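Dear colleague,

My notes on what was found in it follow below.

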Amino acid sequence: MRLALLLLLAPALCLAEPATVIRATEMKQQPATDAAAAGQLAENAKVDALERRGGWTRVKAGGGAEGWVRMLALRYAGAGEAKQGDSGVAQLLNVARSGTSGTQVTTGVRGLDADQLANARPNAAELRKMEGYAASRDGAESFAAKGNLSAQRVDYPREAAQ
Amino acid sequence: MTRVLALCLLLAALPAQAQFNLNRLLDSAKNIGKATQEIGEKEEIEIGRDMAARLLGAAPLMANDGVQRYVNHVGRWLASQTERPDLPWRFGVLEAPQLNAFATPGGHIFITRGLLERMRNESELAGVLAHEIAHVLKKHHLQAIQKGARMELAGAALSTLARQDRNTPSREKLLAAGTELFSRGLDKSDELEADRLGVVIAARGGYDAYGLPSVLQTLQAMNPEDSGVALMFKTHPAPGERLGALERMQPTLDAYAGQPQLADRFTGAARR
């Protein structure tokens with residue numbers, strides 16, 4: 001239930017998210033390599049990313065022109081430029097740590113920081129529980145069929161296959 | 001080869017008056033040899049289960065049967081498309097707000113609630129699980145543990161000689177080395193390989209192959225100082241670099257871009 005709520009609240013990344021193109025790029029009128037040009041973007045041009053379809057993202061350029069560019073050619077503000085904001089994880093953990101005993105275990109909010117991983121003791125009961133959720137090969141196959149997923153023959157890239 | 005080299009190192013370190021220690025020395029060399037041998041599948045699975053139990057000690061499973069079963073179905077279907085379909089594949093969602101995913105040898109795979117909440121459809125989940133499955137297929141963690149164990153054992157053998165007591169390699173040490181990988185991370189080349197193979201495995205499963213790249217884009221848009229991604233960013237190449245490296249997979253990505261994303265099933269399963 002809580003997850004569902006958070007899913008609804010999670011920001012939809014591609015709704016007018018500020019981005020830059022990593023190289024000079026031709027915008028396309030349609031999300032396809034052979035589509036007609038819709039304008040030219042210089043390297044590092046700033047755009048607003050609007051929606052993604054397959055390997056293409058529809059963007060709005062500074063001058064107002066719209067078109068489709070390769071999604072792999074877009075970078076969002078986070079990694080390069082300083083971006084404000086936090087997902088709130090730190091605050092959650094701080095709240096947990098400020099419990100009466102001053103330890104984070106009292107409120108049950110824990111997590112996966114390096115410290116917690118280093119000091120973790122094995123939890124055999126949770127492991128058994130996890131193993132109880134296992135899906136069988138057949139079960140997974142009918143699950144896939146229900147989603148209209150059909151298995152494809154796709155080769156690994158040659159250099160990775162060794 | 002490594003064994004011979006280790007033995008040479010030991011002999012070079014052997015003081016002339018300490019030749020009575022030769023038996024002990026040979027024992028140590030044997031132990032180093034043992035650690036360099038290929039670890040069998042049974043032991044691989046056991047080490048992985050031990051590592052998984054540790055991880056679950058840091059964060060328990062998210063208390064939602066429906067979500068756990070759903071993730072197991074997606075993951076098991078993907079694993080069936082690989083060269084190791086019969087490993088005991090197990091998947092779990094960890095009750096942790098951070099964004100991360102983990103694999104342990106032999107087929108235990110984890111994703112955090114924090115990462116799941118940032119996903120928009122099943123093809124994104126499939127992309128991340130396929131990346132983790134690739135680590136298991138390629139035994140990336142196992143190799144890193146063995147590499148670490150070899151170096152430590154070579155050192156331990158020498159100090160054993162000096163202190164004249166026995167210090168054999170233990171399962172505990174392998175496990176400690178494995179657990180350390182959760183916070184130290186794998187080699188960058190292992191991560192980029194898992195990205196490439198993950199794209200292929202998701203496509204084999206019939207999913208929109210862009211699931212993994214679009215999760216990477218979500219991560220790339222986040223503030224790297226954000227406490228929710230600090231550990232993941234520390235243990236992986238930057239998402240922007242991973243996206244760049246995936247450009248060589250563009251033909252595969254595009255050939256399978258039209259396959260289902262299953263956004264409705266994803267949100268439905270999460271709502272249960």
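The pLDDT is the predictor's confidence in each residue, on a scale from 0 to 100. Please keep in mind throughout that this is a predicted model. In chain B the mean pLDDT is 85, with 79% of the residues at 70 or more. Within that chain, residues 10–20 have a pLDDT below 50, and this stretch makes 7 contacts in the model beyond its near neighbours in sequence. For the model as a whole, the scores are ipTM 0.81 and pTM 0.81.

Turning to how the chains meet, 80 residues of chain B and 61 residues of chain A take part in the contact. On the chain B side, the most is given by helix H3 (residues 41–58), which supplies 9 residues. The side of chain B that touches chain A is made up of 35 nonpolar, 28 polar and 17 charged residues.

As for chain B itself, its secondary structure consists of 14 helices and 3 strands, and 55% of its 272 residues count as buried. When one takes the contacts in chain B between residues at least 6 apart in sequence, 75% of them join residues at least 24 apart.

The 3 strands of chain B form an open sheet of mixed pairing, in the order E1-E3-E2. Strands E1 (90–94) and E2 (101–104) of chain B are at the edges with a single partner strand each, and therefore one side of each has no neighbour in the sheet. From one strand to the next, the twist averages 15°. Between E2 of chain B and E3 (residues 108–112) of chain B the pairing is antiparallel and runs over 4 bridges, and here B:Phe102 is placed opposite B:Phe110 of E3. Helix H4 (residues 65–79) of chain B packs on this sheet, where it touches E1 and E3 of chain B, and its direction makes about 140° with that of E1.

B:Met62 lies in the loop between H3 and H4 of chain B, and it is buried, because 20 other C-beta atoms lie within 10 Å. B:Met62 and B:Arg113 are 51 residues apart in sequence, yet their C-alpha atoms are 7.1 Å apart in space; B:Arg113 is also one of the residues that B:Met62 touches, the others being B:Val67, B:Val93, B:Leu94 and B:Glu95, if residues up to four places away in sequence are not counted. B:Glu83, in turn, lies in the loop between H4 and E1 of chain B, and it is exposed, because 7 other C-beta atoms lie within 10 Å. From B:Glu83 to B:Leu137 there are 54 residues in sequence, and 7.6 Å from C-alpha to C-alpha.

Finally, the largest nonpolar core holds 102 residues, and those touching the most other members include A:Val69, B:Leu78, B:Leu129 and B:Ile133. Helix H6 (residues 122–137) of chain B gives this core its largest share, with 9 residues. Leaving aside neighbours within four places in sequence, B:Leu78 has contacts that include B:Ala126, B:Leu129, B:Ala130, B:Ile133 and B:Ala202.

With best regards

Terms used. Residues are numbered from 1 along each chain as its sequence is written. Chains are lettered from A and ligands numbered from 1 in the order in which they are written. This is a predicted model: local features need pLDDT of at least 70, side-chain atom pairs count only at pLDDT 80 or more; totals for chains, interfaces and linings use all residues. Two residues are in contact if their C-beta atoms, placed from the backbone, lie within 7 Å. Helices (H or I, at least four residues) and strands (E, at least two) are DSSP runs, numbered from the N terminus. Ala, Val, Leu, Ile, Met, Phe, Trp, Tyr, Cys and Pro count as nonpolar, Asp, Glu, Lys and Arg as charged, and the others, Gly among them, as polar. A residue is buried if 20 or more other C-beta atoms lie within 10 Å of its own, exposed if 12 or fewer, and partly exposed in between; C-beta atoms are placed from the backbone. Two strands pair if DSSP finds at least two bridges between them. Axes are lines fitted to C-alpha atoms, for helices over the stretch in contact, and angles run from 0 to 180 degrees between N-to-C directions. A nonpolar core is a set of buried Ala, Val, Leu, Ile, Met, Phe, Trp, Tyr and Cys residues joined through C-beta atoms within 7 Å.
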